[in-house]
Amino acid sequence: MSCILNLDTSTDVCSVAVSEDGTCIYHQEDHSGPNHAVKLGVYVDEALSFADSHAIPVDAVAVSCGPGSYTGLRIGVSMAKGICYGRDIPLIAVPTLELLCVPLLLGHQEIEDNALLCPMIDARRMEVYAALYDRALRPVRETQADIVDENTYKEWLDERPVYFFGNGADKCKDVLTHPNAHLIEGVEPQAKWMYPLAEKRVALEQYEDVAYFVPFYLKDFVAKMPKKLI
């Protein structure tokens, strides 16, 4: 197994974690943000000092790759690339919407076996960036920009329970009134939940090109939206 430095700056939360052998062994997070430019460097330095002081070589850096805040993602990815170059270790990209699902799957939420997970990142007005996954994190619908109304997810809600969460879901609770729609509050992407997704990519040797990797910015999805929706 690997020791991985995990970074997430995709939303207002800034978080850093160190994972080893399928366990998070160190983490720090700040919820008062966005303070990424101030907090991230300090947290990374302390995390690397923790690993070095315990003689644990860091084998890779995993970073949340969006969708998310342009500034936050740029800061996180820049930091991750710098560490990868400095230590000559590989870079792992973890989709933010997948990351949002992990605390639900590892936690104590009573989610039906046939349920779908719909993580949402807030955009503007009633717009969100969302995807649909089953409980094995297999994509049922890929990430796209949605304008949420009572019919946006109806085809899936008519078939089975769908759990909505993330900062995009918080503003949709008055709209998602279908009896199969379940809103889970307080779910945020955090580096301490990144290790299952990062380790899976290590096992598959699914690394990014450090020189050319760029994250998925929210603006990229806006540019692809039909003009009538913008």
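Which residue in strand 8 is the bridge partner of tyrosine 129? The bridge partner of tyrosine 129 is alanine 145.

## Model and confidence

This is a predicted model, in which local features need pLDDT of at least 70 and side-chain atom pairs count only at pLDDT 80 or more, while totals for chains, interfaces and linings use all residues. Residues are numbered from 1 along each chain as its sequence is written, and side-chain values use heavy atoms, with hydrogens and water left out.

The pLDDT, the predictor's confidence in each residue on a scale from 0 to 100, averages 92 over the chain, and 93% of the residues score at least 70. Over residues 225–230 the pLDDT is below 50. Beyond near neighbours in sequence, this stretch has nine contacts in the model, a contact being heavy atoms within 4.5 Å.

Helices (H or I, at least four residues) and strands (E, at least two) are DSSP runs, numbered from the N terminus. Five strands form an open sheet in the order 8-7-6-9-10, with mixed pairing; two strands pair if DSSP finds at least two bridges between them. Strand 8 (139–147) and strand 10 (181–184) are the edge strands, each pairing on one side only. On average, neighbouring strands of this sheet are turned by 20° against each other, direction ignored.

Strands of a sheet pair through backbone hydrogen bonds, either parallel or antiparallel. Strand 7 and strand 8 run antiparallel and are joined by six bridges. Their hairpin has five residues between the strands, and leucine 137 in this hairpin takes a positive phi near 60°. Strand 6 (residues 116–122) and strand 9 (residues 162–165) run parallel, joined by four bridges. Leucine 117 has tyrosine 163 in strand 9 as its bridge partner.

## Helices

Helix 3 (residues 96–106) lies across strand 6, strand 7 (127–133), strand 8, strand 9 and strand 10. Helix 3 runs at about 125° to strand 6; axes are lines fitted to C-alpha atoms, for helices over the stretch in contact, and angles run from 0 to 180 degrees between N-to-C directions.

Helix 1 (residues 36–53) packs against helix 2 (residues 70–87) at an angle of about 30°, with the axes 10 Å apart. Helix 1 is therefore roughly parallel to helix 2, a term for angles under 35 degrees. Residues of helix 1 including His36, Leu40 and Asp52 meet residues of helix 2, among them Gly72, Met79 and Arg87. The residues of this contact divide into seven nonpolar, four polar and two charged; Ala, Val, Leu, Ile, Met, Phe, Trp, Tyr, Cys and Pro count as nonpolar, Asp, Glu, Lys and Arg as charged, and the others, Gly among them, as polar.

Conventions. Parallel < 35°, antiparallel > 145°, perpendicular 65-115°, else oblique.
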